[in-house]
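Please read the following alongside the sequence and the structure. The text goes from a strand to its sheet, and then to the helices.

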Amino acid sequence: MSLGPILMNRFGERYLPSINQEAFSRVGSENLFQQQYGDFFTRENALYLIVGADSGLLIQWLCKRRRPEGSRFVFIELPETRQVLETHRLLPGKLPPELIVTTAETWLAEAEAFSLRDYFYLDAVFLAKSLAVIDGVHDGYAGLLNEVERTFGQYRLQVGQEIGNRVFMLKGLENLAENRFPAGDLHQTFQGRSAILLAGGPSLPESFPWIRAHRDHLTVLAVARVADQLKGAGIIPDLFFAIDPHDVIFHQSKGMLAFWRESVLINMYHLNPTLLGQWRGRGAFMGTLFPWECPCNPVNVSYPGITVGHQALGMAVDMGFETIVMAGFDLCFSREGFTHAAGSVEQGIGPYIARGDLMVETNGGWMAETRHDFLNAIPSLAALARYAATRNCRVINPSPGSARIEGIAHLPWESLIPQPTSDTARDRLRQFLPEETSTSRVDHYRAIEQELASVRGVVVKVKELAVEGIDCNDGLFGRRGKKPNFKFKKRMDEIEVTLDETYREASRLVKKWGLGAMLRLSRPDKERAWSDEEVERTGRLYYEIYRDNATSLIKQLDVVRQRIRMRMEEERNRPDFKQMVKQWREDGQPGRALVFLDRRGWSVEDLPESVRAPFRQLIGEYESLLDKTDHDYKRYILAMQSSPQEVRAKAQALFRGRERERLVQFAAGLEQSTLEERIDYDHLLRGYLAELDGDMDGAMRALRQVTHAVLLPDALRQMFTIALRQGDMLTAVAVSQRLSDLSFLHVPHHAELLRINGQAEYAAAIYEEYLKVVRKDFVSMVKLARTYLELGRKEQAKATLERILAEDPDNQAVRTLLTDLERLGVEGEA
C-alpha cells in the first residue's frame, strides 16, 4: 500500500500527509508534541509503549530531548509505515539503545527483551497514542491500537495476578475493623431459590418490570454502582456487591449508602474504605482478612475475574441459587454506543467515542461494538457459568442486546417464573447473618489489634537486621571509616538466613509491601556486567529498601492500630468524642457520626451539648458528599469520553465505510450527551448521513453549520467534494480558499482548481508561494511546470523540472517531460 508523498514544512521537517494530514504543515512538531504530551515522557525507570511514530517526528523529538535515566521507549508502527520511515531516512541515523521501532506482530517479544515484566513490577509501563492514532486519518491505526491494547491488557492482567497490588494490601488493612463476617459462611443460604443479579450495562432497565412483578419470590442482588438507578425505579435489593479499592469510585457507588436499613453489603476485603467505613448496615466480606498468614484469617471465598460482576456471580452460585437471571451484563455497547445504563454518569456524558473495531455477537444475533475490558471479561464469565452448571445452577441473560456468552442461556423475560418461597430473602439473611452487638465488635477489634501488635514487633526486628546489613555492607567494602573485612560477608549471610527462616513471614510481608522498590534491584539492563562499585551500591540499596519498607509498614500498622483504638472508643459508654471526630475527619468518613448514633439508637440531641455542633457539621458534610454531582469520577469519565478528535475519527471511519446504520446510532447517542460540542457533532453527522442518502443539498446545509475548529476541516472537505460533483465551481473555489486558509496541504489543490477555472496566473503565484515552504513536493512542482507552459513561460517550466531532477535524478516521468519540452523549444526555433 502506497503512503503517498513525503512533504517538508517550513521548519525543514519531513512528514507523511497520508498519516498526519496537515498536523505539521504550519506548526512545528516540537510545539505540537510539547502541547500534547508535556512532561509525560519524563519519568525515570519507566517503559513507554507508543503506538505510531508520527512520520518519525515523535521519535526525533524524543531523541533530541534528555531522556530520563532508566527509561525505555518502544514505538509500535504499521509495517508499511516502518518500511517508509527506514527507506526514506525519516528516523534518526542511529537510534539510541533505549529506543526501538517494532510492529504489532513482534512488539511484545521485543518489549519483553526490553524487560517489560520488570517495568510492570515497578508499576512503570505506560501506553501512549501518537497524534496519528488520535486523529485517525490513516485507517490502519485504529486496528493497530486495538491489537496493541488487547495484548497489553492481557499481559498486564497476567503480571498483576502474579505480584498482587499494594493498594489491595493498604485498603485491606484500613478495612480490618469493618471486615468482621466472612462471606463464605453464607454458602447454601438460598438453596433452590431464584435470584436476579443486576449490573450497570445499558440493558439494566429492561429488568425493572419483571423484578416488580416477581419481587415477593425473588432475591435481588446488585452491584453498588446501580444503586441510583434502583432507587429511581423503586427497587430495593437484598444484597449489594462492591470491590473497587480506588478513591475515584466513591461517587460512582455512593448511592448504595442510602439502602443500609434494608440491604446487606458483600464487599471484597479491599473495598474503598470511604464506602465501607460509612456503611451503616450489615455486611460480609470476601477474600482474606490480613495480608499475611495468621490464625485470624478465615476460610473465605473469591472468584476468577477482576470485576465486581464476576465476584457477585460466583458468590450467588455458592449461596445455592437454582436460577440466576443476569441483567445489565451487556459487555458491549448499546446500538447508540452507550456503555452503561440510563442514569449512570457514563450515559449522561454520552456514547463511547473512541474509534475501534472490536465487535461481539449479541444474544439477539447482531454484532455490537465493545471495548477491551468488556471483551476480556467474557471468558471468565463463561468459566463461572460452567462452574454454576456443576452446582446445578442455571444462569440466564434475557437481554437480546447483551454479548452472547457460552454457558449462559438466553430466554425471554416472559418465560421466567421464579419458584414461590415461604419466607423472604431478608428473613433468610437475618437467620444466617449473626446479629452484631457491641461486645462482638469489641472482641473483633481486640483480636485484630493483638495480631497487629505482634506483627509490628517482628517487623521492627526485620528493620533492625536491615540496618545492621547496611553497616555490614559498608564494612565489607571498607566504607564510612571502616577497614575492608570479609567477616562482614559472613554476618550478612547470617542476616539473610534469619530473614528467610526465623522471620520468613514478616520478611515476605516487608518485601511485598514495597515490591516496586525491591524489584528495582532486578535492573532492566541485566545483560550488562556489573562493576564492583555497582555491586557495593546494590548491596547497600538492598538493605536500605528493606529498612525503608519496614519503616513504612510500621508507620502504616501504627495508623491502623490507632483507627482500631478509635473503633473501640466508639463502643465505650463515655467515649472521647474529640478523638473520634478527629479520626473520622482524617479518614474522610464524616458518615461515621451516623454509624455511631445508629448503633446506640441516638439522635444528635442525645449527645452531650458540647459535641452536638461537631456531629451536626459531620452529618452535613456527609449529606453534601452524597448530593455532590460535580465530582472526580465524573471528571474522570469526561476526560475519557469527550475528545472531539476521537469523535471526528470515528465519524470519518463510519462515513468512509458507508456504515449508515452505525452512523445513525452514533448520531443519536451524541445527541443525548451533555458534551459541549454536541451541536457541531450533530451538524457534521447529519451532513454525512444526508450525503449517504443522496441528499446533497441537505448535506451542504448541515455541513455549513459546523464551526468547531477540530471538525471544520472535515466539513469543508466534504463540501468541496459535493460542490465538485455538482459542478458548482463557484462554491468549490470559495470552499477551497477556506480549506487553504486552514490547511497548508490544501494549497496545491486550490491552485490546481484555479488553473482549471482559467486563472492560471493566480494558480502559478499560489504554487510558487507554496513551494517556497514545501520544497520537495514534486507533484506540485510538475503541476507548476505545466501551468507555466499554459502561460507560455517555457524557461520557468524547464527550470522547475530541472530542480526536480536535481533532487530525484531517477524520475523518468519528469525526464521525459523535460525532453518533450526541449524538443518543443527546438521546433519553435525552427
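## A parallel sheet and selected helices

Strand β7 (residues 194-198) pairs with β12 in the parallel sense, over five bridges. Within this pairing, Leu197 stands opposite Met326 of β12. The model is a predicted one, with a mean pLDDT of 89 for the protein and a score of at least 70 for 95% of the residues. Where pLDDT is low, predicted coordinates should not be read in detail.

On its other pairing, β12 meets strand β15 (residues 394-396), again in the parallel sense, over three bridges. Here Val325 has Ile396 of β15 as its bridge partner. Strand β7 also pairs with strand β8 (residues 219-223), in the parallel sense and over four bridges. Leu197 takes part in this pairing as well, with Leu221 of β8 as its bridge partner.

These pairings belong to an open sheet of seven strands, with parallel pairing and the order β11-β10-β9-β8-β7-β12-β15. Its edge strands are β11 (283-286) and β15, each of which pairs on one side only. On average, neighbouring strands of the sheet are turned by 20 degrees against each other, direction ignored.

Burial here means under 20% relative accessible area. The cover extends to both faces of β12: Thr323, Val325 and Ala327 are buried on one side, and Ile324 and Met326 are buried on the other.

Ten of its eleven residues are buried, so α14 is largely enclosed by the rest of the structure. The buried residues are Gly309, His310, Gln311, Ala312, Leu313, Gly314, Met315, Ala316, Val317 and Asp318. Just after α14, Gly320 takes a positive phi of about 95 degrees.

Two helix pairs remain to be described. In one of them, the axes of helix α18 (residues 438-477) and helix α19 (residues 487-502) come within 9 Å and cross at roughly 160 degrees. That angle makes α18 roughly antiparallel to α19, because angles over 145 degrees count as roughly antiparallel. The crossing of α18 past α19 is left-handed. On the α18 side, the contact is made by Val462, Leu465, Glu468, Gly469, Cys472, Asn473, Gly475 and Leu476. From α19 come Phe488, Lys489, Arg491, Met492, Ile495, Thr498 and Leu499.

In the other pair, helix α35 (residues 778-790) and helix α36 (residues 794-807) have axes that come within 7 Å and cross at roughly 160 degrees. As a result, α35 is roughly antiparallel to α36. Helix α35 passes α36 in a left-handed crossing. The residues of α35 that meet α36 are Phe778, Met781, Val782, Leu784, Ala785, Tyr788 and Leu789. Those of α36 are Lys794, Gln796, Ala797, Thr800, Leu801, Arg803, Ile804 and Glu807.

Conventions. Residues are numbered from 1 along each chain as its sequence is written. This is a predicted model: local features need pLDDT of at least 70, side-chain atom pairs count only at pLDDT 80 or more; totals for chains, interfaces and linings use all residues. Side-chain values use heavy atoms; hydrogens and water are left out. Buried means under 20% relative accessible area, exposed over 50%, partly exposed in between (1.4 Å probe, protein chains only). Two strands pair if DSSP finds at least two bridges between them. Axes are lines fitted to C-alpha atoms, for helices over the stretch in contact, and angles run from 0 to 180 degrees between N-to-C directions. pLDDT is the predictor's confidence in each residue, from 0 to 100. Angles under 35 degrees count as roughly parallel, over 145 as roughly antiparallel, 65 to 115 as roughly perpendicular and the rest as oblique. A crossing is left-handed if the near helix is turned anticlockwise from the far one by less than a right angle, and right-handed if clockwise. Contact means heavy atoms within 4.5 Å.
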